[in-house]
Amino acid sequence: GRLGTVIEEIFDSLFRLNFLENLKLLNEDTTTRLDSLPQEYKFPRNLTRLTLENTSLDWKYMSILGKLQILEVLKLKNNAFLGRYWDTEDGGFRCLRVLHIGRTDLVVWKASASNFPSLRSLFLRHCDRLEAIPSGLGDISSFQVIDLYCTNRSVASSAKRIELLKLRLKAEQESSKDSSFKLSVYPPEY
């Protein structure tokens, strides 16, 4: 569609901006969705922070973002990605430290520690259809923060299971320095 053509033209200019570290793609026309993303080589090569909002992309295009070599912060705000199922592909997101997922209709998210080897913080906002946070994320040694806002009880339960796993691991590895795990859940009755 026209939106996809515009994005391609923008990226043809952007990828030359080697100094660009922070990029936000905000779609103000919520009646249109982005059909696809440009291939990873069209993104600025020094990009460390990326925000998408209202782009309504299919989750399969996350594999392109996973190939961004030094991406550290990824914010998927209101309806950046839509679809009930996300199976995270292997070999991506090597440097991702912060993942923020805003309002989405995602139900099933499959992932393991190897999908996000450097993840430190996960923020979920209004992900009220999601069944659970993948339990494998608890095996990421750097993982320290889960922050939930208006998700649901089953997501909160999965986060609490990860918290228990982290506490158990910390007890077993007495040498761990400041690897305290922080779980925040709102509303608290979840």
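Let me start inside. The largest nonpolar core has 48 residues, and among these Leu65, Leu99, Trp109 and Phe116 touch the most other members. By a nonpolar core I mean a set of buried Ala, Val, Leu, Ile, Met, Phe, Trp, Tyr and Cys residues joined through side-chain atoms within 4.5 Å. Buried stands for under 20% relative accessible area, exposed for over 50%, and partly exposed for what is in between, with a 1.4 Å probe and protein chains only. At least two residues of this core come from each of E1, E2, helix H2 (62-66), strand E4 (73-76), E7, E9, E10 and H3. H3 gives the most, with 4 residues.

A word on what you are looking at. This is a predicted model, in which local features need pLDDT of at least 70 and side-chain atom pairs count only at pLDDT 80 or more, while totals for chains, interfaces and linings use all residues. Residues are numbered from 1 along each chain as its sequence is written, and side-chain values use heavy atoms, with hydrogens and water left out.

Back to Leu99. Which residues is Leu99 in contact with, leaving aside neighbours within four places in sequence? They are Leu74, Leu76, Trp86, Trp109, Phe116, Leu119, Ser121, Leu122 and Phe123. Contact here means heavy atoms within 4.5 Å.

Now the overall layout. The chain has 3 helices and 11 strands. Both are DSSP runs numbered from the N terminus, helices being H or I with at least four residues and strands E with at least two. From the N terminus on, the order is α-β-β-β-α-β-β-β-β-β-β-β-α-β. Of the 190 residues in the chain, 44% are buried. Among contacts between residues at least 6 apart in sequence, 59% join residues at least 24 apart.

Next, the sheet. It is open, with 7 strands in the order E1-E2-E4-E7-E9-E10-E11, and the pairing is parallel. Two strands pair if DSSP finds at least two bridges between them. Strand E1 (22-26) and strand E11 (182-186) stand at the edges with a single partner strand each, so one side of each is left without a neighbour in the sheet. From one strand to the next, the twist averages 5 degrees. Ile101 stands opposite Leu124 in E9.

Staying in strand E9, we find Ser121. With 4% relative accessibility, Ser121 counts as buried. Not counting residues up to four places away in sequence, Ser121 touches Arg97, Val98, Leu99, Phe143 and Val145. The side chain of Ser121 also makes a polar contact with the side chain of Arg120, at 3.2 Å. A polar contact is a pair of N or O atoms within 3.5 Å; within protein, one must be able to donate a hydrogen and the other to accept it, and residues adjacent in sequence count only if both atoms are side-chain atoms.

On to helix H3. What does H3 (residues 153-172) lie across? H3 lies across E9, strand E10 (145-149) and E11, running at about 165 degrees to E10. Axes are lines fitted to C-alpha atoms, for helices over the stretch in contact, and angles run from 0 to 180 degrees between N-to-C directions. The buried residues of H3 are Val155, Ala156, Ser158, Ala159, Ile162, Leu165 and Lys166. E9, E10 and E11 are included in what covers them.

Ile146 sits in strand E10 and is buried, with a relative accessible area of 0%. Ile146 touches Ala159 and Ile162, among others, when residues up to four places away in sequence are not counted. The C-alpha atoms of Ile146 and Ala156 are separated by 9.7 Å, at 10 residues apart along the chain.

Last, some backbone details. Asn54 is not a glycine, yet has a positive phi of about 60 degrees. Asn54 is in the loop between strand E2 (49-53) and strand E3 (57-58), and counts as buried at 19% relative accessibility. Phe93, also not a glycine, has a positive phi of about 50 degrees. Phe93 lies in the loop between strand E6 (85-87) and E7, and counts as buried at 4% relative accessibility. Finally, the peptide bond from Tyr186 to Pro187 is cis, with omega near -5 degrees, and Pro187 lies in the segment after E11.
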